[in-house]
Amino acid sequence: MSRLSPTAILRNGLRFLFPVAVALTAYLYLYPVLNSCAFPLPPTAPGHNADTGRTAFLETAKRHWPFATTDNSTEAARPPAPFRLLALGDPQLEGDTSIPIDYLGVFPHVKSLFRHVAFQTHHDGLRHRMRASLHDVVDIFFEDTYNLAESLRKRIDLFGNDFYLAHIYRTLHWWTLPTHVTVLGDLVGSQWLDDSEFARRADRYWHRVFAGGERVPDDVALYPADEYDLSGYLGAANDSESVWTRRIINVAGNHDIGYAGDINEDRVARFEDAFGKLNYELRFELPITDPDVSQTIFHEATNPHSTRLVPELRIVVLNDMNLDTPAASTALQDATYAFINKVINTAAAVEFAGHFTLILTHVPLYKPAGVCVDDPLFEFHDHDGSLREQNQLSAPASRGFLEGILGMSGDVSAPGRGRGRRGVVLNGHDHEGCDTWHFVNQSRPVEGENEWEVRRWRQAVKAGVVGREELPGVREITVRSMMGDFGGNAGLLSIWFDETAWEWRVEYATCPLGTQHLWWTVHILDLLVVVGGLLSVTAAVLGIVGIDVDRIVVGATMGLWRLIWGGTSVPARQGKVVS
Ligand SMILES: *[C@@H]1O[C@H](CO)[C@@H](O)[C@H](O)[C@H]1NC(C)=O
């Protein structure tokens with residue numbers, strides 16, 4: 001049989017494509033492993049930096065090793081951070097609002113043309129009727145056809161996008177073993193959706209993109225109070241099986257409920273119904289097992305002079321879209337402010353150590369132009385002047401975070417010397433992502449309103465402004481979007497407790513998948529290989545029972561050629577193939 005027979009070409013093609021498909025598929029399905037992704041690992045000695053590279057990766061790998069031993073040999077695994085948050089930014093599920101035929105209909109100009117020629121429309125004479133009809137003919141080709149093609153492309157794109165996002169969540173969740181998961185707002189792509197489309201996207205969110213994920217139940221998402229129930233404990237040996245690993249802590253974004261000028265009761269109600277409450281807190285305790293250490297903790301009767309509290313991680317989920325004015329609903333804005341005040345009033349006094357606040361919100365804090373990709377921007381509605389869009393919070397609203405929730409101050413004579421509470425702020429919105437350090441210089445004489453400064457995290461570390469007593473500050477991490485256009489990013493935030501300093505510590509890493517084109521390429525290639533393989537096997541089986549597939553294929557091709565081009569002008573090369 002010739003080397004150029006159809007079955008041989010297929011076989012040679014497969015011989016080349018098969019290894020490529022296997023390699024790319026392995027890469028796609030093992031990308032966190034091959035990219036050495038892992039939650040930052042607490043250091044072995046206090047005061048050292050966390051391990052983010054190879055060691056963290058190897059420790060994660062050990063936890064996947066099926067024959068892991070529990071004996072204390074030299075190979076014993078180092079304990080991971082007790083709180084490991086898989087943080088995802090702005091999935092922005094799109095839907096029918098981006099599909100032209102869904103809102104325009106299929107070939108709308110054909111119907112219109114029909115009405116013109118069937119004299120169902122009114123025109124002042126034949127010239128106008130012909131003119132309108134010809135317009136429609138042009139639009140059928142240059143509008144309708146284009147819209148149809150675009151709609152088909154978009155529909156395929158949306159279908160793949162859901163699975164692409166799902167792949168990120170599922171694969172990372174499997175490999176990195178988070179204890180908690182959050183999605184930092186803009187779960188869906190538009191605040192203007194009607195209720196049925198909103199419900200469809202919520203359904204895709206829960207059943208396709210975050211399949212296996214659960215809402216945080218309303219009776220667990222608590223309003224801050226002096227007497228509160230714990231949401232759970234951290235640091236258990238089997239913490240990767242806790243119910244919290246399945247729960248998704250959703251944050252509301254501007255595309256979910258709107259900016260201040262759009263937020264209303266209906267949008268809030270449907271969001272809370274589908275994704276969970278807008279504002280709440282969760283409190284997790286880290287039990288101290290060493291009796292000598294637990295003796296040092298504050299106790300009203302036995303140890304009243306200690307400033308050490310039982311280690312606790314407080315998660316504050318906050319809708320910060322209506323902190324700035326003017327808001328359409330002042331009632332909802334008041335609710336947000338009341339919540340923040342309650343968060344402040346129920347926090348431990350700043351003089352005490354051991355509590356840590358993780359703020360999860362959507363719109364980032366104020367930063368001067370040039371620090372992150374998004375610069376300050378405010379736009380207002382024409383009709384009522386309410387807030388239409390913002391890239392960041394205003395400077396006064398940001399102070400509410402820094403001086404209110406975290407209790408920091410530029411004034412050394414403030415409670416706790418103005419050093420405030422330990423915490424970290426996580427948000428989304430700016431799809432590019434950003435990692436910054438906000439601080440106030442207590443030795444600088446106060447001049448004017450905004451004494452807060454902000455630097456990129458790395459620059460702040462380099463300049464030595466992080467962790468200095470006279471420069472109280474907080475890290476703000478804006479998580480880069482998980483959308484394909486931003487590389488399918490995910491954030492890995494570790495928080496652990498340093499018993500020596502009696503403080504919580506934080507480290508952050510990222511794990512991008514790459515654009516959605518990789519996902520498409522791999523699956524199309526796999527499909528080609530599977531179909532090609534099946535055809536090849538079928539041809540071989542038919543060959544065994546005496547059916548010459550090559551002859552049939554070549555014959556059929558020649559027949560088709562004649563049918564289309566007529567005559568017997570089969571190209572000479574093809575004749576050679578058969579001989
Ligand atoms: C803080 O302010 C003091 C006094 O103005 C100044 O000398 C110092 O350089 C400032 N520190 C930083 C990190 O900006």
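# Close-up views of a predicted model

**View 1. Strand β12 and its two neighbours.** Strand β12 is joined to strand β14 (residues 473-478) by 6 bridges, and the two run antiparallel. The structure is a predicted model. At one of the pairing positions, Cys 434 stands opposite Thr 478 of β14. Strand β13 (residues 452-456) is also antiparallel to β12, with 5 bridges between them. Here Phe 439 has Glu 453 in β13 as its bridge partner. In general, strands of a sheet pair through backbone hydrogen bonds, in a parallel or an antiparallel sense.

**View 2. The two faces of β12.** How many of the residues of strand β12 (residues 434-440) are buried? The count is 7 of 7, and the strand is mostly covered. In a regular strand, side chains alternate between the two faces of the sheet. On one side of β12 sit Cys 434, Thr 436, His 438 and Val 440. On the other sit Asp 435, Trp 437 and Phe 439. Both faces are covered, and all of these residues are buried.

**View 3. The sheet around β12.** The open sheet has 8 strands, in the order β4-β6-β7-β8-β11-β14-β12-β13. Its pairing is mixed. The edges are β4 (232-233) and β13, each with a single partner strand, so one side of each has no neighbour in the sheet. Strand β11 (residues 422-427) pairs with β14 in the parallel sense, over 4 bridges. In that pairing, Asn 427 stands opposite Thr 478 of β14. Thr 478 also stands opposite Cys 434.

View 4. Which residues lie around the ligand? They are Asn 441, Ser 443, Arg 444, Val 465 and Leu 471. Taken alone, the ligand exposes 360 Å², and the protein buries 55% of that. By class, the shell has 2 nonpolar, 2 polar and 1 charged residues.

View 5. His 362 lies in the loop between β8 (353-360) and β9 (378-380). Is His 362 buried or exposed? His 362 counts as buried because its relative accessibility is 0%, and the cut-off for buried is under 20%. Two side-chain contacts are shown. His 362 and Asp 186 are joined by a polar contact of 3.4 Å. His 362 and His 429 are joined by a polar contact of 3.1 Å.

View 6. The whole structure holds 20 aromatic pairs. One of them is Phe 298 with Phe 352, an edge-to-face pair with 5.5 Å between centres and 80° between planes. Phe 298 lies in the loop between α10 (291-294) and β7 (308-317), and Phe 352 in the loop between α11 (330-345) and β8, so the pair ties together parts that are 54 residues apart in sequence. Phe 298 counts as partly exposed, at 27% relative accessibility. Phe 352 is partly exposed too, with a relative accessible area of 30%.

View 7. Phe 497 and Trp 504 have ring centres 5.2 Å apart and planes at 65°, so the pair is edge-to-face. The cut-off for that class is over 60 degrees. Both Phe 497 and Trp 504 are buried. Elsewhere, ring pairs link Tyr 169, Phe 198, Tyr 205, Trp 206, Phe 210, Phe 271 and Phe 275 into a cluster.

**View 8. Trp 457 in the context of the whole protein.** Trp 457 is part of helix α13 (residues 457-463). At 17% relative accessibility, Trp 457 counts as buried. The protein has 16 helices and 16 strands. Of its 579 residues, 47% are buried.

How values were computed: Residues numbered from 1 in each chain as written. Predicted model: local features only at pLDDT ≥ 70, side-chain atom pairs only at ≥ 80, totals over all residues. Heavy atoms only, no water. Buried < 20%, exposed > 50% of the residue type's maximum accessible area, 1.4 Å probe, protein only. Pairing = 2+ DSSP bridges. Near = heavy atom within 4 Å. Areas by Shrake-Rupley, 256 points an atom, 1.4 Å probe, with all protein chains shown as cover. Nonpolar A, V, L, I, M, F, W, Y, C, P; charged D, E, K, R; others polar. Polar contact = N/O pair within 3.5 Å; in protein donor to acceptor, adjacent residues only side chain to side chain. Phe/Tyr/Trp six-rings, centres within 6.5 Å; stacked < 30°, edge-to-face > 60°.
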